[in-house]
Structures are given as C-alpha cells and as structure tokens.
Amino acid sequence: MKLAGNAKSVKLRVEEAGRQGKNWGVAPMLTEGSQAWAIRLVAGADTQAADSSRLQVSPVTGNLRLADSHYGMFAQGVLVWTEQGSIDNYGDTSMVGEPVSPGNLGTCTDYPGSCESGGDAYSLVAGGSSRFSVVRTGAADLDLLAAGNLSMESLYGVYTAGSSSTGTSANDPYNLPRALGENAKVLGNSVGGNEKLVNGGADSVYRAWYPEAGGNLLLKVGGNLTGDITSPSLSASGRPVRNDLGQDSANVGNWLWRQGNGLSGSAAQATAWWINFGTYASNLALAGGGRPDGGLHRLRYVGRWQPECRRGRRCRDHPAIGCRLCAPGGELAQPGGGVGGGQHRARGG
C-alpha cells in the first residue's frame with residue numbers, strides 16, 4: 001500500500017486534547033430491536049472476483065494484522081482520610097476529611113478503607129498494563145478473511161455483540177447492584193467521580209446486559225491464526241502504579257458476570273449470568289448468539305465461542321447451546337443463534 005505524500009503511517013483516530021481515542025468501560029449496548037452494520041475485513045482479496053469474500057489462490061501478500069498497543073491511565077486525585085483512617089493513623093477522628101499527605105499515599109493503597117476521594121477533580125497518570133481494543137458489531141455479521149496469516153499483535157476482542165433482549169427496571173431481581181470491594185466501593189480507584197456511574201445510584205449507568213440476535217462470525221485464514229495474551233505481574237516493583245499488576249486476559253470473569261446464591265426466602269438471589277458489556281475482553285466470541293464458521297491452515301490461538309446469556313432461574317446442560325434457562329414466569333428462555341449450529345473446521349493439515 002502506498003500512502004499519500006509518501007507517508008510511512010497515518011493516524012486512524014483523530015487526536016483530541018492530546019489523547020488519541022479512548023474506550024469507555026460503561027458504554028451501552030444496542031437497545032432492544034436495534035440493527036447494525038455488517039463488517040468484512042479482507043486481506044489478499046481476489047480483486048477480479050465479483051464476490052468480495054473470494055481470496056487469492058496463491059497470494060504473494062495478504063496478511064491481516066490487528067495491532068493497537070495502548071496502555072491504561074489511572075486517575076490521581078485528592079485523597080482524604082476516612083474515619084477509620086484517621087483513627088488508625090492518628091488515634092482519633094481529628095483528621096477525617098483532611099487531605100492525605102504525599103508521604104502517606106502508600107497507606108491508601110495498602111489499606112483502601114483508610115482513604116476516600118476528596119472530590120471529582122483528578123489528573124491522569126500512565127498505567128503499567130495494556131488495554132484491549134475491539135473489532136465488533138451488534139446484530140449483524142463479522143467476517144475476517146486473510147489469504148495469508150491473521151495475527152492479533154495486541155489484545156483484541158473480536159465479536160458480534162447482538163442487541164439487548166430486554167430492558168431492566170427499578171428493583172429488577174436480574175439487575176442487582178454490584179458487589180463492593182474492601183474499600184466499600186465498586187471501583188478500586190475511588191478518585192475521579194466515576195464511582196457514581198456504577199454504584200446503582202441515581203446517576204449510575206451500569207446494568208446487566210442479556211443480549212440476543214447476534215450475527216455470525218466468519219474466520220477464513222489461508223495461513224496461521226495467532227493471538228495475544230497477558231497475565232498479571234508477580235511483583236509491583238518498577239511498575240508506574242503499584243496496584244496495577246496487569247490482568248489475565250483469558251479470564252472468563254472479565255466479561256461473563258453472574259449472580260445467585262442458592263438460598264431461599266428473602267435472602268435468595270435470582271440466578272443469572274450476563275455479558276459485562278464494555279469490559280472489552282480478549283476473545284473471539286458470539287456474545288449474542290450467532291454461528292461460528294471458518295477454515296484455518298494452522299490454529300495457534302483458540303478463541304472461546306460464547307453462547308448468548310439470558311436471565312433465568314435454572315440451567316440445564318444442553319449439548320448444542322450450552323444451557324437453557326427457565327425464566328421467572330416458567331417459560332423457556334433459550335439462547336438465540338446457538339453455537340451448536342455452526343462448525344469450526346481445520347483445513348490444510
């Protein structure tokens with residue numbers, strides 16, 4: 001490819017206020033009944049064919065690379081002593097609400113309940129772990145076709161998300177508030193004013209998503225399929241943020257969230273699992289149903305095909321779709337699309 005003006009590279013995202021793009025971790029999914037654009041990415045296409053999915057038989061090039069390395073930012077704001085922090089460090093409550101000095105910030109990290117945000121003002125500092133990018137669509141198909149190799153050279157989520165199957169309401173038993181951490185907050189980093197967006201209060205925009213109507217995911221690779229994976233660091237030594245040790249990018253809990261406790265009576269929680277949409281987990285997935293298909297020469301990175309998640313009270317094993325759920329009214333809620341409807345084939349050895 002020859003770029004205009006003999007440029008070696010171009011910025012695919014416009015820089016705004018010194019920042020080149022961002023992911024919003026509480027971004028909403030498509031609302032019920034929404035439509036979406038289908039996406040097809042092709043490398044090594046047969047440009048003489050009428051069918052845009054046809055690839056060159058003996059390609060000289062045709063490698064599809066997904067590469068978007070970037071790192072998380074952490075909010076650094078004014079922290080003040082809590083009542084517990086004041087008592088533990090000064091023996092009384094005289095320091096409640098007073099700013100924590102720079103020399104005592106380590107206490108806030110080691111004992112999160114000792115400190116809290118002193119306001120919404122904050123500055124950003126560089127984090128030490130990489131973040132995900134996505135290639136996704138909603139209730140439409142996603143095709144990745146390469147005559148040569150397909151490589152993920154940074155963390156990517158490649159999936160069809162579907163659209164919301166049903167809304168949530170106040171006191172919805174299938175949209176319970178998120179659990180609190182040891183700092184009595186949802187978020188580990190309490191500065192920046194983002195806590196109110198996820199704590200279930202009046203300003204909260206977080207909700208459980210139960211997607212359906214997801215499109216199909218097609219992978220067609222003439223060469224090798226490779227991916228990227230990360231694991232947490234064993235030590236905080238030398239990292240820009242002490243409590244940022246990175247993440248296990250293959251952890252299903254990054255994006256598949258659950259509720260339910262098996263109890264009865266007033267203490268019972270309705271059993272359900274759903275997509276934590278906005279987490280941008282590293283996977284090849286069908287978050288809202290759909291069918292996987294494709295041909296590969298050599299598979300080195302195996303994505304997890306995920307069935308749609310729906311609300312319900314009971315789950316029974318099912319060989320085709322993984323589970324069926326019985327909704328509160330007794331009707332059967334069966335995941336849409338069904339991953340058992342497709343097949344993943346190995347070609348060429």
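Q: Let's start in the middle. Which residues does Leu-144 touch, not counting residues up to four places away in sequence?
A: Leu-144 touches Leu-41, Leu-64, Leu-66, Leu-150, Val-158, Leu-218, Leu-219 and Lys-220. Contact here means heavy atoms within 4.5 Å.

Q: Before I go on, what kind of model is this?
A: This is a predicted model, where local features need pLDDT of at least 70, side-chain atom pairs count only at pLDDT 80 or more, and totals for chains, interfaces and linings use all residues. Residues are numbered from 1 along each chain as its sequence is written, and side-chain values use heavy atoms, with hydrogens and water left out.

Q: OK, back to the core. Which residues have the most contacts inside the largest nonpolar core?
A: Leu-66, Leu-144, Leu-150, Val-158 and Leu-284, in a core of 17 residues. At least two residues each come from strand S2 (64-66), S6, strand S7 (150-152), S8, S11 and S15. A nonpolar core is a set of buried Ala, Val, Leu, Ile, Met, Phe, Trp, Tyr and Cys residues joined through side-chain atoms within 4.5 Å. Strands are DSSP runs of E, at least two residues long, and helices are runs of H or I, at least four, numbered from the N terminus.

Q: What about a second core, what does it include?
A: A second, separate core has eleven residues, including Ala-208, Tyr-210, Ala-270 and Ala-272.

Q: How many residues of strand S6 are buried?
A: Five of the five (residues 142-146), so S6 is largely enclosed by the rest of the structure. Buried means under 20% relative accessible area, exposed over 50%, partly exposed in between (1.4 Å probe, protein chains only).

Q: And which way do the S6 residues point?
A: Leu-142, Leu-144 and Ala-146 go one way, Asp-143 and Leu-145 the other, and all are buried.

Q: Which strands does S6 pair with?
A: S6 runs parallel to strand S1 (residues 39-43), joined by five bridges. Five bridges also join S6 to strand S11 (residues 217-221), again parallel. Two strands pair if DSSP finds at least two bridges between them. Leu-41 stands opposite Leu-144, and Leu-145 has Lys-220 in S11 as its bridge partner.

Q: What's the strand order in the open sheet of three strands?
A: S5-S8-S15, with parallel pairing. Strand S5 (133-137) and strand S15 (283-286) are at the edges with a single partner strand each, so one side of each has no neighbour in the sheet.

Q: How do S5 and S8 line up?
A: S5 and strand S8 (residues 156-160) pair in the parallel sense over five bridges, with Thr-137 opposite Thr-160.

Q: Switching topic: which cysteines form a disulfide?
A: Cys-108 and Cys-115, with sulfur atoms 2.0 Å apart; the rule is a pair of cysteine sulfur atoms within 2.5 Å, and the count comes to one disulfide. The torsion about the S-S bond of Cys-108 and Cys-115 is about -80°, so this disulfide is left-handed.

Q: Are those two cysteines buried or exposed?
A: Cys-108 and Cys-115 are both buried.

Q: Last one: where is Ser-129, and what does Ser-129 touch?
A: Ser-129 is in strand S4 (residues 115-130) and counts as buried, at 4% relative accessibility. Leaving out residues up to four places away in sequence, Ser-129 touches Tyr-71, Gly-72, Arg-239, Asp-244, Gly-246 and Gln-247.
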